[in-house]
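Please read them with the model open beside you.

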Amino acid sequence: SIMPATLSAISNSARRGILFKGGVHLENLGHVKAVALDKTGTLTNGKPRVTDFHVKAGLDKNEVAAIAGAIEKESTHPLAEAITAYGSDYSRNVQFEIEDMRTESGNGVRATVNGDLWKIGKPKYVGSEESAAFNDGIAEKLQSQGKTVVIAKRNDEIVALFALQDTVRTDTVQAIKTLKKQGIKTYMLTGDNEMTARAIAEETGVDGYIAECLPDDKVNYLKDLRKKYGHIAMIGDGINDAPALATANVGIAMGEGTDIALETADVVLMKNELSKIPDAMSLSTRMNRIVK
Ligand code: ADP
Ligand code: MG
């Protein structure tokens, strides 16, 4: 049965926007020595916007943007939503026939348009070397600014490059700083590429990061962290994060995250406020001292 002190701590933290799904999670959080955080939607707002759009010389910019936006409608990824919104500004008077739309999880989307095969996604998915050659090193430059580069390929030809910028949450840097003061290590996990990941890691101040993670990689990396630190927490928001949330000793979901993340998590941050994490940590540590 649950101790009165635990019960009151749970209801107090609920009032402050931290929802513990049971006393055991409060206790576990007090033992945590390292925290892994997803990038998109957790450290960042998860609402990227298209900042750059380059089309291969000689092609119709309108048409390429409209087609890319239409193909991305197939996907619910935040990057896809941004490209669809961007493309809709271009789509007037552009006509095409689109079929066989498919999302490739962790990579991008593909479809057949007017009989041509289109692939839109990360450089590794459409062809890294060709992507790197597109427009003379522009991809690297954009990535080093923390932007995510998405490439569009039609059959064997790279036709466009999009760069998307997401913003770090206003309370992220302070939350990471406070965790550091509490002696807790922080690691960022992301499916995004190495250069973009490094730029965001530096901006947020995390102790380390792993880029180009597929969902299984996130789980394996968390297992390594568990071996190293004993007790770890994972904070995430996406469908892709659910297995990692289940692997950590304490899984924490952002309140505006996907249903599956909210269901899998042990703790929910009701207002997406990362600054609540250090609060929850000190509360748990204090509780563990009292309840002993
Ligand atoms: P994350 O959300 O952590 O970046 P994902 O595994 O969802 O990780 O995606 C990894 C990468 O694959 C993204 O950073 C992006 O480059 C690419 N990607 C995934 N889905 C799409 C999409 N629908 N359109 C374009 N690129 C995508
Ligand atoms: Mg995410």
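1. Start with one term. Two residues are in contact if their C-beta atoms, placed from the backbone, lie within 7 Å. Now apply the term to methionine 281. Leaving aside neighbours within four places in sequence, methionine 281 is in contact with Leu29, Val32, Gln182 and Ile184. Keep in mind that this is a predicted model.

2. Stay with methionine 281 for a moment. This residue is found in helix α14. Is methionine 281 buried or exposed? A residue counts as buried if 20 or more other C-beta atoms lie within 10 Å of its own. Methionine 281 has 20 such atoms within 10 Å, so it is buried. How far apart in sequence are methionine 281 and leucine 29? They are 252 residues apart, yet their C-alpha atoms are 6.3 Å apart in space.

3. Now the whole chain. The protein has 14 helices and 13 strands. Its radius of gyration is 21 Å, close to the 19 Å that the globule rule gives for 292 residues, so the protein is as compact as a globular protein of that length. The C-alpha trace spans about 70 × 30 × 30 Å along its principal axes.

4. Next, burial and contacts. Of the 292 residues, 47% are buried. Take the contacts with a separation of 6 or more: 61% of them join residues 24 or more positions apart.

5. How is the protein divided into domains? The assignment gives domain 1 (4-45 + 168-291) and domain 2 (49-165). Their centres, taken over C-alpha atoms, are separated by 32 Å. The contact between them takes 12 residues from domain 1 and 10 residues from domain 2.

6. Look at the side of domain 1 that touches domain 2. Helices α3 and α10 each supply at least two residues there. The largest share, five residues, comes from α10. By class, this side has five nonpolar, five polar and two charged residues.

7. Which of its residues are buried? They are Met195, Thr196, Ala197, Ile200, Ala201 and Thr204. In an α-helix, residues three or four places apart point the same way, because there are 3.6 residues a turn. The buried residues of α10 pack against α3, α8, β7, α9 (172-181), β9 (185-189) and β10 (208-210). Just after the helix, glycine 205 takes a positive phi of about 85°.

8. Turn to the nonpolar cores. The largest has 51 residues. Those with the most contacts inside it are Val35, Ala36, Ile232, Ala233 and Met234. Helix α14 (residues 276-291) gives this core its largest share, five residues. A second, separate core has 32 residues, including Ala80, Ile120, Val126 and Phe162.

9. What does alanine 36 touch? Not counting residues up to four places away in sequence, it touches Tyr187, Leu189, Leu222, Leu225, Ile232, Met234 and Ala248.

10. Ligand 1 comes next. How many residues surround ligand 1? There are 20, and the closest are Ser75, Ala80, Gly106, Lys122 and Gly191. The shell draws at least three residues from each of domain 1 and domain 2. Five elements each supply at least two residues: α3 (39-43), α5 (78-88), β5 (108-113), β6 (116-121) and β7 (148-154). By class, the shell has five nonpolar, 11 polar and four charged residues.

11. Last, two backbone angles to check. Most residues other than glycine have a negative phi. Asparagine 135 has a positive phi, near 55°. Aspartate 136 also has a positive phi, near 55°. Where is asparagine 135 placed? It sits in the loop between α7 (128-133) and α8 (138-144). Aspartate 136 lies in the loop between α7 and α8 too.

12. Aspartate 136 is exposed, because it has 9 other C-beta atoms within 10 Å. The cut-off for exposed is 12 or fewer.

Definitions and conventions:
Residues numbered from 1 in each chain as written. Chains lettered and ligands numbered in written order. Predicted model: local features only at pLDDT ≥ 70, side-chain atom pairs only at ≥ 80, totals over all residues. Near = placed C-beta within 6 Å. Helix = DSSP H or I, 4+ residues; strand = E, 2+ residues; numbered from the N terminus. Nonpolar A, V, L, I, M, F, W, Y, C, P; charged D, E, K, R; others polar. Domains from an automatic or database assignment. Core = buried A, V, L, I, M, F, W, Y, C linked by C-beta atoms within 7 Å. Rg over C-alpha atoms; globule rule 2.2 N^0.38 Å.
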